Amino acid sequence: MDLSQVFDADDFDDDDDDEFDDDDDFIALTLKPPKQIQSTQPTSNINTQRPTLNNVTESQQLPELLVAKGEIAVLRSKIADLEKARIHERDELLQNGQSEKETSNHKIMALENAVQRLEDERKFLTVEIKNLSNLRKKRRINEDTQMEDVEQSVPITPEPIIPPPPTSTNTIPKPKPPTIKLAPPRTINENSLFMDSILNHTIIGCQNTTMDFLSHITSSIPFQNDQDPSFKIDPKIPISTSILQYLVEKHETLRLDLLITKFSQNLTLLIQTIFQDSKSSKLSIPFLISLLHATILFRPSAITSETMTNLILFTVDLITHHIFIIKKQEDLTLIQKKFMIPAIQKNFINSLILIFSIDLLESLFMNCGNDEVLTQKILEIISSQLTQIFKIGFGSNSCLVVMFSLVETLLIIGHYDGFPEELILLLTQVLNNGFKPRENLFLNGMNRILGDDESCQLISNLITWDGVSDQPCVVYSKTSTCSRHEYHLINLQLRICDLFEKLIISNDDFNDQTTFFNKNPVILKLLVGTISKQQEYIFKSPRSDCTHLRSKLISSIIKNIHLIWELNFINIKTPPRITKDTTHELIITLSRIAFSANITSNEATDFLYQFRKFDKNSIVFNKWCEERAREISHLSINSQEEEGNDNDLNTIINAEVGLSNGLEFAYDDIVVELARDILEKCTTMDEADNLYLSMNAV
């Protein structure tokens, strides 16, 4: 049978090969059904030949189908790549447009601020011009009135008739500019200012001035200075009257430095006379010390070196005689039960003398702190007495205001000859354990506010306000303590850390193969234990008002430990002396700091940003930390919506995230790096890897 009878020539055209390149024609051709064949041969022959022909056509079409499918897949992949490129290009265009929009908004805000500033300057200049014009008008009016007065005083005489001058074509001369007469500078009488400062001086927390207190107190004995006879105290009149008479008499005849010197000497001699007389009442001594404190702070540069030395020696001697109040803790409740009421106000007056004297010593060393020669000369004289005062003042029975002033004094004078290493251990114990507030000793002092209103009221209760007396009134022991003791204690511990840092840096004694911070391993053990305790306090109450202070205290201790470590490695090439249990505790505490920067901080930052978009003033994590962060960044706590909301929002977020609150934002980046550095020095690589895995395990 001829194949031309089975397939038409239209179905397969051998001359046209281009039709097989088109996918659509090829698919249509393969799907086209075969035509009916009219056969004249027997049926058996056809049946025997058809399977052979079908196999041939299928074998020819299979490669071509595979080629077509491959080309289709390639085209689809190209289409997908083009779609991805189109999406990427669209995202880039959107980002560029957003960034350009933000840049334009910033420029617009800057221009608006500039326009507002120029508008304010224009208003200010307008007001100034109006004021100057009004001033000129008033001056002209005054000149006219003066001329009229002169004309009225001169008798009227007939004036000769003068022909008018010929008109000239010259220009009218310009008026002369007004002259402004400057008043001579007023001379300030510093002696009068000094007298006003003495009259208006007030003890912190008291409503009455110091002179008001002395106006109701008399001296038990007469007093007169032989070197300065004009200063005398009459037992029949108030002490304030005698002091005021002396200042009125001397403030116009003496220079300021001589007035301060003589007045301070007279007060010193008066206090010594009252103190040495066993029968005399000490009621006036605290108020005289406060006047002496006001005298040295009025103009420190006017105090001579000799006067400064004498005042420091007098103050140290006064403190030495009253330091027994801290050393010997008396049971005032038992005294009350035995009806020994006068002993209570006597103890309270002695406490005032001690606290005011220590504050006076701090102020005196502060005034002569710049003169190192004078400071060293004074310390050589009083080193033994000063060391004894520090040992008792840093004891467990001490009070907050005394210890605060002594720490500040040590910060001023630093490491002196004869400085006992025992003080370092005592201060470290204060860091670790703290101390309880002392009854009747929770006072403000004269340099800082640490007490409460009830203690200040006890000072007023000592005075007989209805008359004049040299004896104190009956007062009773107060039973309550200030609720801010914890807050002030942490601030004191921060100042102790500053003192440690100064002592470590200023220590030059590395020839003994050790430093005084490394001689006793107990010091490092107590420092590490302090970190653990503060971390536990934060974990128990993360929203406390002292959380940010505790985080700051931990950071300060970490800096001191790192400083000790580094100085030992630099100078003696060995790590500090530390026990095994202390090393174990140190690794645990440092691991909490070194691995504190985790995903929680990032999530907290994102949440804070989303929250502040809608509310900038509400509390999110910790009220006190957020308020303190805004105060440090000079932001208003209740700031209203202002121009430049994006910048304002970013500033608030950066301020609140930058201050550690112990939980979401645990520690500063510098402290984290210091903790990791110490861990690297006291652990091996395997131990560090295990620590990282254990601290980051979910």
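1. Start with the largest cavity: its lining is made up of L608, F621, N622, C625, E626, E656, L659, N661 and F665. A cavity here is a set of points, on a 1 Å grid over the protein atoms alone, where a 1.4 Å probe fits but cannot get out, and lining residues have an atom within 4 Å of a point. By class, that lining has five nonpolar, two polar and two charged residues (Ala, Val, Leu, Ile, Met, Phe, Trp, Tyr, Cys and Pro count as nonpolar, Asp, Glu, Lys and Arg as charged, the others, Gly among them, as polar).

2. Ground rules: this is a predicted model, with local features needing pLDDT of at least 70 and side-chain atom pairs pLDDT 80 or more, while totals for chains, interfaces and linings use all residues. Residues are numbered from 1 along each chain as its sequence is written, and side-chain values use heavy atoms, leaving out hydrogens and water.

3. The second largest pocket (an open set with protein on both sides within 12 Å along at least five of seven lines) has a volume of about 540 Å³. Of its 23 lining residues, H548, L549, K552, R628 and I632 are the closest to its centre. Helix 19 (547-571) gives the largest share of that lining, seven residues. By class, the lining has six nonpolar, seven polar and 10 charged residues.

4. Helix 8 is mostly covered, with 13 of its 14 residues buried (under 20% relative accessible area, 1.4 Å probe, protein chains only). Helices are DSSP runs of H or I, at least four residues, numbered from the N terminus.

Note on methods:
Buried means under 20% relative accessible area, exposed over 50%, partly exposed in between (1.4 Å probe, protein chains only). Helices (H or I, at least four residues) and strands (E, at least two) are DSSP runs, numbered from the N terminus. Grid points are joined across faces, edges and corners, and a volume is the space filled by probe spheres set on the points.
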